[in-house]
Amino acid sequence: MACIAAAPAAHALEPRQQIALSASVLKIEVQRRQGGYALGSGVVVGEERVLTNCHVTRDAVAISVLKNGLRHAASAQAVDLTHDLCLLQVAGIAAGDSLPIGRSQSLRTGQKVVALGYTGGLGLSVSEGTVVGLHPHDGGWVVQSSNFFSSGASGGALLDERLNLVGILTFRMRG
């Protein structure tokens, strides 16, 4: 699978670390224009700012961000379709929940990484893996990792060994 940026924990995440990270990696629910819903994940990156994939929010008539059992409506989004990144404006999301930003340029093949997202739309899922490949793209890197994730984790976090955000989960299959 490929992820944009990567590098995880040198050891398994402890339950207290998972609980702390659940304030930073949030569930996204989207009501689609043509009916039905889509699920994804998002990462707090600043005051009232949550980053996710645009393919998660595509065709939305309403976007909700779920944090600590509370539903917050996204009031606007900035779109970068080229990189499949959408920045949501969400009242009630505190900057203190932002993940520290790492540098994907510091990653090396074989480094451990951890992926967090709402796989299957259920609870926060944690997957430990390693960097399998680093692919230059548009001045940055697409990081291919061995982490498992599936639908619902798109827009989630890829973290390095210091738990710095080094990528956003985007692709779950080769190609």
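Guide: Two strands are said to pair if DSSP finds at least two bridges between them. Keep in mind that the model is predicted. The part to look at is strand 9, which covers residues 125-137.

Strand 8, made of residues 112-117, runs antiparallel to strand 9, and six bridges join the two. To find your place in this pairing, look for Ala 115, which stands opposite Ser 127 of strand 9. Strand 9 also pairs with strand 10, residues 140-145, again in the antiparallel sense and again over six bridges. Here the residue to look for is Val 131, which has Ser 145 of strand 10 opposite it. Strand 9 and strand 10 form a hairpin with two residues between the strands, and Asp 138 there takes a positive phi near 50°.

The chain has two helices and 12 strands. Read from the N terminus, the order of elements is β-α-β-β-β-α-β-β-β-β-β-β-β-β.

The hairpin of strand 2 and strand 3 has four residues between the strands, and Gly 35 takes a positive phi near 100° in it. Strand 3 also pairs with strand 4, residues 49-53, in the antiparallel sense over three bridges. Val 44 has Val 50 in strand 4 as its bridge partner. Strand 3 and strand 4 form a hairpin too, with two residues between them, and Glu 48 in the turn has a positive phi of about 60°.

The whole structure holds one disulfide. It is formed by Cys 54 and Cys 86, whose sulfur atoms are 2.1 Å apart. This link joins distant parts of the chain: Cys 54 is in helix 2 (residues 54-57) and Cys 86 is in strand 7, 32 residues apart. With 105° about the S-S bond, the link of Cys 54 and Cys 86 is right-handed. Both Cys 54 and Cys 86 are buried.

Another salt bridge joins the side chains of Lys 67 and Asp 97, at 2.1 Å from N to O. This pair also links distant parts of the chain: Lys 67 is in strand 5 (residues 60-67), while Asp 97 is in the loop between strand 7 and strand 8, 30 residues apart. Lys 67 counts as buried at 9% relative accessibility, and Asp 97 counts as buried at 17%.

A further salt bridge is that of Glu 161 and Arg 162, at 3.3 Å from N to O. Glu 161 is partly exposed, with a relative accessible area of 30%, whereas Arg 162 is exposed, with 63%. Salt bridges that share partners also join Lys 27, Glu 29 and Arg 71 into one network.

Last, the chain as a whole. Its C-alpha trace spans about 40 × 35 × 25 Å along the principal axes. A compact globule of 175 residues would have a radius of gyration near 16 Å, and the chain, with 15 Å, agrees with that. Of the 175 residues, 49% count as buried. Among contacts with a separation of 6 or more, 65% come from residues 24 or more positions apart. The accessible surface of the chain comes to about 8300 Å², and 54% of it belongs to carbon and sulfur atoms.

Technical notes:
Residues are numbered from 1 along each chain as its sequence is written. This is a predicted model: local features need pLDDT of at least 70, side-chain atom pairs count only at pLDDT 80 or more; totals for chains, interfaces and linings use all residues. Side-chain values use heavy atoms; hydrogens and water are left out. A salt bridge is a side-chain nitrogen of Lys or Arg within 4 Å of a carboxyl oxygen of Asp or Glu. Buried means under 20% relative accessible area, exposed over 50%, partly exposed in between (1.4 Å probe, protein chains only). The radius of gyration is taken over C-alpha atoms; the globule rule is 2.2 Å times the number of residues to the power 0.38. Contact means heavy atoms within 4.5 Å. Accessible areas come from the Shrake-Rupley method with a 1.4 Å probe; for residues, only the protein chains shown count as cover. A disulfide is a pair of cysteine sulfur atoms within 2.5 Å.
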